[in-house]
Amino acid sequence: MFDMVPFTTKYNGSKMWDPFREFFGTVVRSAATDIRETNDTFVIETELPGYDKSEISLSVKEGVLTLKAEHAGEAPTDEGYVRRERTWETVVRSFEISGVDTAAISAAYENGILTVTLPKLPEVIPEQHEITIA
């Protein structure tokens, strides 16, 4: 499992120049995620409050599951706000998923929590047999 967390700097409570915001116009961050294992599955639960289901995408490529949540439309302006703590963010997480049946992955999104169920591939036990020596 791996993820990218961009660098953000604060100085005396005010935000300094942020090259990611400057380049992308949004903040890219990692989402809080829990991963559970059962006998036959892995379950990934990720907090994505404030996103519509249509703004979340999951993809698998070369053994890596990538989750991306991105608000549609333009970021709101700061005009008229006395204080603004909510941000217009893009969330990206990637997970190495070897040993998972990628064709049977399922996902559900409810109350700001994305739950991805990854069924394990059956364990391959090498066949063993005796060889008669002639």
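Let me start with the salt bridge between Lys120 and Glu37, whose closest N and O atoms lie 2.5 Å apart, a salt bridge being a side-chain nitrogen of Lys or Arg within 4 Å of a carboxyl oxygen of Asp or Glu. This pair links distant parts of the chain, with Lys120 in the segment after β10 (113-119) and Glu37 in strand β4 (residues 33-37), 83 residues apart. Lys120 is partly exposed at 23% relative accessible area, while Glu37, at 54%, counts as exposed; here buried means under 20% relative accessible area, exposed over 50% and partly exposed in between, with a 1.4 Å probe and protein chains only.

Please keep in mind that this is a predicted model, in which local features need pLDDT of at least 70 and side-chain atom pairs count only at pLDDT 80 or more, whereas totals for chains, interfaces and linings use all residues. Residues are numbered from 1 along each chain as its sequence is written, and side-chain values use heavy atoms, leaving out hydrogens and water.

The search of the whole structure finds 3 salt bridges, including one between Lys68 and Glu70, with the closest N and O atoms 3.7 Å apart. Lys68 is partly exposed at 34%, and Glu70 is partly exposed at 39%.

Turning to the strands, which are DSSP runs of E of at least two residues, numbered from the N terminus, and which pair if DSSP finds at least two bridges between them, Glu70 has Thr90 in β8 as its bridge partner. Strand β7 and strand β8 (residues 89-96) run antiparallel and are joined by 7 bridges, and 6 bridges join β7 (residues 64-70) to the antiparallel β6 (residues 56-61).

Note on methods: Helices (H or I, at least four residues) and strands (E, at least two) are DSSP runs, numbered from the N terminus.
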